[in-house]
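Please look through the sequence and the model shown here before reading on.

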Amino acid sequence: MSQPILVVALNLRGRASPQTWELLSVGRRLADASKSPLVAVLAGGGPEAARELVERGADRVLWTDDDRLQELNEELHAQAVLQAAAKENPAAVLLPSNVAGRSLACRLAVKLGAGLAMDVSEIEAAGQVKRGAYSGNLVADVEFQAPVRVLTVTAMLFAPAARQAGRSGEVQELKFAPGPTRTEFKSFQAEEAGEIDLGSAERIVSGGRGVGGKDKFSAIRELAHALGAAVGASRAAVDSGWIPYRHQVGLTGRTVRPKLYVACGISGQIQHLAGMSGANAIVAINTDPECPMMQQATVAVAGDMFELIPLIVAEVKKRKGAAVAA
Amino acid sequence: MGLNIVVCVKNVPSTLTVDVGPDGQPKTAGLVCAMNAFDEYAVEEAVRIKERVPGSTVTALTLGPEADQAVLRDALSRGCDAAAHVCGPEFAGSDVFATSKALAAAIRKLSAQKPVHLALFGKNSNDGNSGAVGGMVAAWLDWPGVLSVKKVESVDESSAVLWRMMEDGVDVVKVSLPAAVGTVKEINEPRIPSLKGKMAAKKAVIPKWTASDLGLKPEEVGLAGSKTKVARCTHPPARGAGTRVEGASSAEKAAKLVDILVERKLI
Ligand SMILES: Cc1cc2nc3c(=O)[nH]c(=O)nc-3n(C[C@H](O)[C@H](O)[C@H](O)COP(=O)(O)OP(=O)(O)OC[C@H]3O[C@@H](n4cnc5c(N)ncnc54)[C@H](O)[C@@H]3O)c2cc1C
């Protein structure tokens with residue numbers, strides 16, 4: 001049997017991350033291809049959560065529900081993963097491409113003497129991975145010159161591993177014995193309740209300079225609400241103070257990969273496209289039929305968003321109503 | 001007293017539109033370069049900390065070929081006090097592993113003169129896009145490393161309270177120094193270089209350090225010291241031609257759009 005594939009499952013604040021299921025599905029594929037076991041290290045969860053990882057494809061789960069792993073402490077989280085890695089000697093370590101996963105990946109790569117690739121979009125069993133460079137304008141094929149690969153995996157690219165009730169596997173406690181840490185957690189302030197995070201959103205509706213004002217952003221929110229989408233924005237909208245920075249999509253904002261991206265009043269400059277060109281489908285609503293976003297779009301609707309959005313919302317509601325009635 | 005701060009900067013092409021050469025590598029020769037946009041925030045934050053804590057100094061550090069000295073002069077013109085350039089043909093082909101190792105060695109060298117309290121980094125470079133070097137430097141030096149920092153709430157010679165932007169909210173953490181900090185754009189609004197700064201930058205003498213100056217063996221740096229290699233780059237596949245929704249009225253367009261969304265199971 002060859003060396004295992006190790007998935008890092010981070011349950012911050014006691015919550016499983018949906019990205020863990022995606023890592024398990026990629027990990028399962030790699031493990032099968034190399035006829036090796038898929039091992040998960042669960043930081044911040046107990047045997048119950050560990051069993052779910054088994055049901056979603058792990059052959060073995062090493063769990064620790066140590067309180068100190070409830071919040072991200074990259075030093076301690078890295079120690080937990082390193083402890084698991086020392087036991088398992090993995091060929092690859094898979095982490096989510098979020099702040100926690102990326103922070104950990106840096107330390108793990110150095111400590112394991114591993115090759116690191118961030119934000120990978122494809123992983124070949126033989127070793128190569130693909131990732132974006134120049135903000136997605138190029139795709140780089142990365143080769144490894146090290147026995148261990150540490151990879152953070154782009155969200156929303158791989159189907160989440162389905163749960164197979166009763167699937168068997170080993171569940172063991174990782175006797176976490178942390179060394180000292182110089183990082184002390186003080187507090188966590190959650191974003192507005194009920195807001196969908198851009199990074200894991202299946203649908204996003206974004207507004208740009210064309211929205212024209214802070215109050216007018218309500219149109220974008222309305223459409224987002226009707227479509228069950230998160231709210232995004234261009235830098236022009238953020239810089240105008242119409243919406244907070246955390247909603248910004250693009251080079252200096254978030255990189256997103258939804259199934260559906262609706263760009264309203266966004267011209268589609270390269271720095272915005274850098275953050276969303278990986279969307280499966282792009283809908284552009286713009287008064288300028290020739291702007292780059294309209295040319296990139298899967299579906300382009302020329303017109304004034306303030307005229308179109310209420311009509312689209314009404315149309316969606318009508319069909320939902322019809323679906324409920326039927 | 002005061003803090004001894006290092007800020008790492010990178011010279012990168014100013015454009016994101018880069019062709020691929022026959023060797024499969026990005027064709028960057030001759031492209032206009034400038035300080036990586038995200039690094040401007042790290043430089044600004046370093047200078048702001050210097051202004052907050054009397055007696056502090058900021059040293060700008062880069063790894064790159066001869067021409068990258070320009071990015072250090074730019075950092076000096078933005079308020080850094082000194083600079084150091086890790087430079088030599090042996091560094092060619094460095095990935096994040098080798099780059100971070102060399103930068104960590106340079107920070108150790110600076111620390112030998114005067115202990116470094118804080119190393120600041122931009123979110124990521126706009127060419128490589130990894131955002132890994134800051135966290136890896138922290139690991140090499142065995143310092144805590146906090147990425148995605150949007151605010152330095154307080155800082156003194158022994159500790160810093162940092163606001164870390166997570167996907168679902170903001171963490172407040174206190175780290176003991178020395179530490180490495182990765183910044184995000186929200187942390188500040190960078191100032192433009194001052195005339196006085198530009199004059200000082202022009203005159204500054206910038207030391208150049210080779211691998212042996214840093215106590216690194218040839219096999220620890222450059223391509224030899226790297227764990228990854230870009231085999232080739234390609235352009236991502238172009239998006240297929242889209243559908244244009246036509247209609248006599250906005251209502252008709254709206255209905256047609258929703259038809260398409262439902263048909264393609266997008267909603
Ligand atoms: C280093 C750097 C980093 C950057 N990072 C980012 C980033 O992360 N994200 C980002 O978005 N940008 C970024 N930018 C800025 C980017 O270059 C563009 O300036 C920005 O994306 C433009 O935003 P916009 O499309 O909303 O505005 P504009 O380009 O002004 O476009 C507005 C659009 O709205 C349309 N419009 C107007 N009224 C209506 C209406 N009533 N109905 C429908 N359409 C209407 C117009 O036809 C136009 O197409 C960056 C730039 C630089 C230099």
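Two strands are said to pair if DSSP finds at least two bridges between them, where strands (E, at least two residues) and helices (H or I, at least four residues) are DSSP runs numbered from the N terminus. The model is predicted, so that local features need pLDDT of at least 70 and side-chain atom pairs count only at pLDDT 80 or more, while totals for chains, interfaces and linings use all residues. Residues are numbered from 1 along each chain as its sequence is written, chains are lettered from A and ligands numbered from 1 in the order in which they are written, and side-chain values use heavy atoms, with hydrogens and water left out.

Chain B has six helices and 13 strands, and its C-alpha atoms fill a box of roughly 75 × 45 × 40 Å along the principal axes. Of the 267 residues in chain B, 55% are buried, a term that stands for under 20% relative accessible area, computed with a 1.4 Å probe and the protein chains only. Chain B exposes about 11200 Å², of which carbon and sulfur atoms supply 57%; such areas come from the Shrake-Rupley method with a 1.4 Å probe, and for residues only the protein chains shown count as cover. Where contact means heavy atoms within 4.5 Å, 69% of the contacts in chain B between residues at least 6 apart in sequence join residues at least 24 apart.

Within chain B, helix α4(B) (residues 133–141) is largely enclosed by the rest of the structure, because eight of its nine residues are buried. Among these buried residues are Met136(B), Val137(B), Trp140(B) and Leu141(B). Their cover includes elements of both chains, namely α4 (99–112) and β5 (115–123) of chain A and α3 (96–113), β6 (118–121), β7 (145–155) and β10 (179–183) of chain B. Just after the helix α4(B), Asp142(B) takes a positive phi of about 60°.

One of the covering strands, β10(B), is itself mostly covered, with five of its five residues buried. In a regular strand the side chains alternate between the two faces of the sheet. In β10(B) both faces are covered, with Ala179(B), Val181(B) and Thr183(B) buried on one side and Ala180(B) and Gly182(B) on the other. The strand β10(B) runs parallel to β6(B), to which four bridges join it, and Ala180(B) is the bridge partner of Ala119(B). With β7(B), β10(B) pairs in the parallel sense over three bridges, and here Val181(B) is the bridge partner of Val146(B).

What surrounds the ligand? The shell holds 26 residues, the closest being Arg209(A), Ser234(A), Thr252(A), Ser267(A) and Asn286(A), where a residue is near if one of its heavy atoms lies within 4 Å. Elements of chain A that each supply at least two residues of this shell are α6 (235–239), α7 (270–276), β14 (281–286) and α9 (305–325). A polar side-chain atom of Ser234(A) lies 2.5 Å from an oxygen atom of the ligand, and a backbone N or O atom of Gly265(A) lies 3.0 Å from an oxygen atom of the ligand. Taken alone, the ligand exposes 980 Å², and the protein buries 76% of that.

Finally, Gly57(A) sits in the loop between α2 (47–55) and β3 (60–64) of chain A, and Gly57(A) counts as buried because its relative accessibility is 2%. Beyond its neighbours within four places in sequence, Gly57(A) is in contact with Arg28(A), Leu38(A) and Arg167(A).

Methods. Buried means under 20% relative accessible area, exposed over 50%, partly exposed in between (1.4 Å probe, protein chains only). A polar contact is a pair of N or O atoms within 3.5 Å; within protein, one must be able to donate a hydrogen and the other to accept it, and residues adjacent in sequence count only if both atoms are side-chain atoms.
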